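Me: Please take a close look at one ligand site in this model. What surrounds the ligand, and how does the rest of the structure read beside it?

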Amino acid sequence: MQLDALDKELMCSGHVGCPGCGATIAMRFVLKALGEKTVMVLPACCWSVIAGPFPQSSLKIPVIHTAFETGGATASGVRAALDMKGDKETTVITWAGDGGTFDIGFQALSGAVERNEDFIYACYDNEAYMNTGIQRSSSTPYGAWTTTTTGADWKKLRKKNIVEALVAHRIPYAATANIAFPEDLIRKVKKAKAIKGSKFLHIYASCPTGWRIPSEMSIKIARMAVQTNIFPLYEVENGVNYTINYKPREYLVREYFKLQGRFRHLKDTDLDQIQEMVNEDWALLLRKAGEHA
Amino acid sequence: METELSLKKNLYMARTSVTTESNKTGSWRFLRPKYEEKTSPCSTACPAGEDIARIEMLITQGAFKEAWETILRENPLPGVCGRVCYHPCEGRCNRREFDTSIAVHTMERFLADTAARNETKPALERLPPKGKRVAIIGSGPAGLSAAWFLNMLGYDSEIFEAMPEAGGLLRWGIPAYRLPATVLSNEVARLESQGVRIRVGEAVTASRFEELKTSYDAVFLGCGYWRNRALNIPGEPGQGVEDGMSFLRQLRQGAKPDVTGVSAVIGGGNTAIDVARSIIRLGGRAVIIYRRRREDMPAFDEEIESALEEGAELRELLAPVQIAAIGSDCILTVQQMKVEGLDRDGRGKIVTAGTSLVEISVQRVFVATGTTAVEAWHEPPPAAEAGDQHNASVHLYLSHCTLQQEQQGTPIIYGGDLTNTDKNVTQAIASGKQAAMALDTLFQSGADAVRERLSACLVGEGPSLSMEIYMNGPRKERKPHIVSYQEINTDYFQFEPRVIQPRLLIEERTSSFDEIELKISANTAMREAGRCFNCGICNNCDNCYLFCPDVCILRGRDMTERHIDYDYCKGCGLCVVECPRNAMTLGEEEKL
Ligand SMILES: Cc1cc2nc3c(=O)[nH]c(=O)nc-3n(C[C@H](O)[C@H](O)[C@H](O)COP(=O)(O)OP(=O)(O)OC[C@H]3O[C@@H](n4cnc5c(N)ncnc54)[C@H](O)[C@@H]3O)c2cc1C
Ligand SMILES: Cc1ncc(C[n+]2csc(CCOP(=O)(O)OP(=O)(O)O)c2C)c(N)n1
Ligand code: SF4
Ligand code: SF4
Ligand code: SF4
Ligand SMILES: [Mg+2]
């Protein structure tokens, strides 16, 4: 993989992300693609901490730390301020966790994209409220253990399909991306930057601590999420044009599940059921993209 | 005015240029990643120990000259070996477990042919002159290799060759359809231009050998096995009975012997197969008679397969009993054999099957059942006599050659077919290399140092040796650990079919001695080399750099020469796991 001209680092060493943190890898790739002319809006999440306690900063771009539920609203304001200054060049990006996106920040996000505010909303998805201690979110997948879905009460509800919710707003661009596929991820960020209006990126970012996985496996597991169709790579333009970016090898979802401590309690019958759900979602996506299995 | 001012006052924007870099997160680490290149399985399987993982990497980059030079550091005859080496490297290629092995020999041949076409001159390291001269008897692959490597190590050498041209069996044994004379002469010319001196038409007699011992500092013997082993049955020698080696030699001298009708070829080695294939090309029919089964034949399987494709007939489990001339024909009487249990060496044990004899009527019989040394003095004294040291004399029985030094006299070293258990071209080259290393160590540090010095130059587990390691080149840094398939991160590779070797049509093959295997294009070669995992070596793919969550893979100015900033590395291990080719290692952190 040769990603030339992406040698500039806008993220610093010495941050306090956990070893093997997928969210930091995601940030690094996104900043490489966006470049220096970027303002970041950061609602409460792990990244609020990783970005550093003042006066330290692990990011070499301006960052606005903001309230948990305000990612969409704050970005709208920043965009308006830049526009008033005549700065059309600077990109505004909201960088929020799944909790801040799927749950508490959803209203502000929905409002901002309904107005088609010119910004990128990137959700790095680690599938729970990690910063506060692994509580389940509406992004936590079916079957997962969290500190609020323990023992026999593991989560028995499906993960919310956030991209479809955004697609329903008919925004110019919505896409999934994954830290194990940097070329695809960087291409999508650059594409989003070039489009005017609201852009939504759903970035899969593994979490060694919250998922109970070894730190060195965090890319492998991220890659498997795509290979198994659990997290397909696709993009949607103007709410209608679907493109699937990766046709997976025929891996079984159980390969993905058995590597992670958060799924350890699942029985074969549960995994069979999950496989069916994944197959169903994939078939639905293929249909939307006008493709056949 | 007021409001504006107060607004300005109240709008406090924190500015900072302090980074997180004052947090030395390296203190979190309990596992330590490091760059550590390892050994590819193919390179240990190659008798010449070629650095195959690197060669394929260089081909992929289009650096053909560097790739060719990388071969030449370990093997002076890539044009020859790319054609006739039975490529054990491919048998151990990790890619086999993924789809199919890399066509290593095809790449080797491509590089040699490209260099020959462009008349490329290699730029290779050479040690300063040592002021010592070595006489080499025989210009087969063993002798040529010894001269090449002695030359690299700073020795003067001179090859004495009885035949009018250099090359040994490469010139006078292996037929042109597998190894054209121009390929060999090109390689020999390059060796000569690099300083190897060959005196053709100078047969060394026993007395001349004694003279050489006094006028040179050492003598290398690579005389080969040229005496045909007789069947020792009635009718041999006799009318219609010919020896296979002489027949092949005549062909390579330009003769076109008459082989009309049916010829029986007795034997199961490369010579028997090449005799049969040559007979077919001259318009005759060939029946190979072998006392064991096809799977027991010492000839390379691909060659047997080709011979059968070209129309040779194979009759297994038949042992010749007598040959009788009847008019201009021969009656070959054979005994039917069968397999019963196992031999001491694990092969099927062959015993006679009943008493019935079979008579086969043919026009002539070629005997090709093996060869031995021509003169007794060509061979080293048997190993049983002594250990390494004996009455102040040195007897070193090394994996590929034997070194002898009587009472501080001139060291004599025997190599090639004379000493190799596996008698083939690349093993002969390996023996020439080992001889050069052994002699150099003997001269520099004495006989006692030889074994240890050689074992430090093994490729992986050996027995193949690396001259680059011996000369303290960068390859010395490689760990001997052999990368297994399980250690390759195959997520970074796609299934891709192996290159299809273009070949002459069967009709073209059976009617001429033209080379069968045709050349491939540079594009094809690059694509094939691109399939290589580059097991154990860094090809600058940048995965480690990209995936580090802590931005602590630092690269040199040319974006290579990576190293890890241990001030910040948390030891997550991602770089190591995501390195596709195991060029990194994760180990315990040594706490102070
Ligand atoms: C028909 C045939 C096909 C083969 N095919 C293959 C193959 O496909 N692949 C493979 O790997 N191997 C093959 N081999 C085996 C391979 O050719 C030998 O193992 C190899 O050539 C041995 O090399 P060498 O240097 O020890 O001896 P040789 O190649 O036999 O060379 C010995 C040289 O010493 C010279 N010489 C001997 N005595 C004297 C003297 N007193 N003075 C001066 N010069 C002297 C000879 O003239 C000769 O040139 C084949 C062998 C035969 C016979
Ligand atoms: C209104 C409000 N409620 C709760 C919190 C506490 N809080 C801070 S971060 C966080 C979890 C964030 O989860 P997510 O958005 O998924 O990001 P992650 O930490 O997983 O990266 C919570 C609950 C808060 N800051 N504000
Ligand atoms: S993949 Fe390449 S380096 Fe690895 S064993 Fe095969 S030829 Fe050698
Ligand atoms: S990826 Fe970075 S932090 Fe992790 S072990 Fe490698 S160098 Fe250290
Ligand atoms: S990941 Fe790539 S660049 Fe890093 S050591 Fe391995 S081969 Fe070299
Ligand atoms: Mg989260």
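Reply: Buried means under 20% relative accessible area, exposed over 50%, and partly exposed in between (1.4 Å probe, protein chains only). At 2% relative accessibility, Cys552(B) is one buried residue.

This is a predicted model, in which local features need pLDDT of at least 70 and side-chain atom pairs pLDDT 80 or more, while totals for chains, interfaces and linings use all residues. Residues are numbered from 1 along each chain, chains are lettered from A and ligands numbered from 1 in written order, and side-chain values use heavy atoms, without hydrogens or water.

Start with ligand 1. It is surrounded by 35 residues. A residue counts as near if one of its heavy atoms lies within 4 Å. The closest are Val84(B), Glu161(B), Arg178(B), Trp226(B) and Asp417(B). By class, the shell holds 18 nonpolar, 11 polar and six charged residues. Here Ala, Val, Leu, Ile, Met, Phe, Trp, Tyr, Cys and Pro are nonpolar; Asp, Glu, Lys and Arg are charged; the others, Gly among them, are polar.

Now the polar contacts (pairs of N or O atoms within 3.5 Å). An N or O atom in the side chain of Asp417(B) lies 2.7 Å from an oxygen atom of ligand 1. The backbone takes part too. A polar backbone atom of Val425(B) is 2.8 Å from a ligand oxygen. For a backbone N or O atom of Gly222(B), the distance to an oxygen of ligand 1 is 3.4 Å. Taken alone, ligand 1 exposes 990 Å², and the protein buries 95% of that. These areas come from the Shrake-Rupley method with a 1.4 Å probe.

Which elements give two or more residues to this shell? They are helix H8 (141-152), strand S4 (156-161), helix H12 (244-252), helix H13 (270-281) and helix H15 (425-445) of chain B. Helices (H or I, at least four residues) and strands (E, at least two) are DSSP runs, numbered from the N terminus. H13(B) gives the most, with three residues.

Step back to the chain. Chain B has 21 helices and 23 strands. Its C-alpha trace spans about 130 × 55 × 50 Å along the principal axes. Of its 592 residues, 55% are buried.

Chain B also lines ligand 5. Of the 13 residues around ligand 5, Cys538(B), Cys541(B), Asp542(B), Cys544(B) and Cys579(B) come nearest. That shell divides into seven nonpolar, three polar and three charged residues.

What of disulfides? The rule asks for two cysteine sulfur atoms within 2.5 Å. In chain A, Cys45(A) has its nearest cysteine sulfur, that of Cys46(A), 6.9 Å away. Cys45(A) is buried, at 8% relative accessible area. In chain B, the sulfur of Cys552(B) is 3.5 Å from that of Cys548(B), its closest, which is too far for a bond.

Last, a metal site in chain A. The magnesium ion (ligand 6) is coordinated by Asp98(A) (OD), Asn126(A) (OD1) and Ala128(A) (O), at 1.9 to 2.1 Å. Asp98(A) lies in helix H4 (residues 98-103) and Ala128(A) in the loop between strand S5 (119-125) and helix H6 (162-167), so the pair ties together parts 30 residues apart in sequence. Donors are N, O and S atoms within 2.8 Å of the metal (3.2 Å for Na, K and Ca); water is not among the atoms, so sites may look incomplete. Asp98(A) is buried at 1%, and Ala128(A) is buried at 4%.

Key: A polar contact is a pair of N or O atoms within 3.5 Å; within protein, one must be able to donate a hydrogen and the other to accept it, and residues adjacent in sequence count only if both atoms are side-chain atoms.
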